[in-house]
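Dear colleague,

Please find below the structure that I am handing over to you.

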Amino acid sequence: KLCYCNMSSLSTQALRATAVLSAVLWFKVCATNIGLGGAKNNAGTRPAEDSYQKNAADATEEDKTNLDRAQRIVNNDLENIPYTMVLAWGSVYCIGQLQMKYGLKVSSYSADGHALAHIVFYTIFVISRVAHSIVYIKGLSTPRSIVWLFGALCSFGIAINGAIASFK
């Protein structure tokens with residue numbers, strides 16, 4: 001049974017950070033989905049019953065480009081965020097189990113090390129995902145690739161950190 005009442009300060013902070021950062025990611029996903037809805041409205045591609053939308057024939061090339069960009073942001077989020085959120089929650093669970101196993105003995109340093117690594121990796125991942133959307137909207141290709149890479153590397157870091165914690 002997992003009980004966080006005996007967890008070290010850093011393990012508790014990892015759990016809290018995971019909850020807060022997951023909420024930030026969820027709000028970011030909601031914002032990009034709302035942006036996609038607006039782009040669809042401007043490009044005239046919403047369902048026919050949405051009579052308030054612009055007519056597709058009246059949409060400018062810029063409207064169509066913005067729609068494509070908004071759709072790509074949402075698609076990229078769907079390819080990255082759900083998997084990493086699952087990894088983050090699984091990792092923090094493994095870190096909690098490690099803390100529960102050893103308590104406050106010398107080995108708690110190990111749990112604290114995993115907790116700190118988790119917080120760092122997940123924070124950088126979230127910042128990278130927000131930055132990715134911003135640079136994507138602005139059409140900055142190289143910065144977009146760089147922040148995506150940072151996020152992807154952090155996803156691997158989260159997974160590896162949690163896996164190592166689960167075997168201790």
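Helices are DSSP runs of H or I with at least four residues, strands are runs of E with at least two, and both are numbered from the N terminus. Under that definition, Lys64 and Glu61 are separated by about one helical turn, because they stand three residues apart in helix α2.

Please note that this is a predicted model, in which local features need pLDDT of at least 70 and side-chain atom pairs count only at pLDDT 80 or more, while totals for chains, interfaces and linings use all residues. Residues are numbered from 1 along each chain as its sequence is written, and side-chain values use heavy atoms, with hydrogens and water left out.

Salt bridges

Side chains of opposite charge can pair when their charged atoms come close. The structure holds four salt bridges, a salt bridge being a side-chain nitrogen of Lys or Arg within 4 Å of a carboxyl oxygen of Asp or Glu. For the accessibility of the partners, buried means under 20% relative accessible area, exposed means over 50%, and partly exposed lies in between (1.4 Å probe, protein chains only).

One of the bridges joins the side chains of Lys28 and Asp77, at 2.7 Å from N to O. This pair links distant parts of the chain, with Lys28 in helix α1 and Asp77 in helix α2, 49 residues apart. Both Lys28 and Asp77 are buried; Asp77 counts as such because its relative accessibility is 4%. Lys28 and Asp77 also belong, together with Arg129, to a network of salt bridges.

The pair Lys64 and Glu61 meets at 3.8 Å, N to O. Lys64 is partly exposed, with a relative accessible area of 40%, whereas Glu61 counts as exposed at 57%.

Asp68 forms a further salt bridge with Arg72, and their closest N and O atoms are 2.9 Å apart. These two residues both lie in helix α2, four residues apart, which is about one turn of the helix. Asp68 is partly exposed at 39% relative accessibility, and Arg72 is partly exposed at 44%.

The largest pocket

Rolling a probe the size of a water molecule over the atoms shows where empty space is left. On a 1 Å grid over the protein atoms alone, a pocket is an open set of points where a 1.4 Å probe fits, with protein on both sides within 12 Å along at least five of seven lines; lining residues have an atom within 4 Å of a point. The largest pocket holds about 160 Å³ of space. Its lining consists of Ala31, Thr32, Gly35, Ala39, Asn66, Arg69, Ala70, Ile73 and Ile137. Helices α1 (9-43) and α2 (61-102) are the elements that give two or more residues to this lining. By class, the lining residues are five nonpolar, three polar and one charged.

The nonpolar surface patch

Leu116, Val120, Ile124, Ile146 and Phe150 make a nonpolar surface patch of about 430 Å². Such a patch is made of residues with over 30% relative accessible area and no salt bridge, with nonpolar side chains joined within 5 Å. Helices α3 (108-137) and α4 (141-166) each supply at least two of the residues, and the largest share, three residues, comes from α3. Phe150 is placed in helix α4 and counts as partly exposed, at 47% relative accessibility.

Yours sincerely

Definitions and conventions: Grid points are joined across faces, edges and corners, and a volume is the space filled by probe spheres set on the points. Ala, Val, Leu, Ile, Met, Phe, Trp, Tyr, Cys and Pro count as nonpolar, Asp, Glu, Lys and Arg as charged, and the others, Gly among them, as polar. Patches are made of residues with over 30% relative accessible area and no salt bridge: like charges are joined within 9 Å, nonpolar side chains (Val, Leu, Ile, Met, Phe, Trp, Tyr) within 5 Å. Accessible areas come from the Shrake-Rupley method with a 1.4 Å probe; for residues, only the protein chains shown count as cover.
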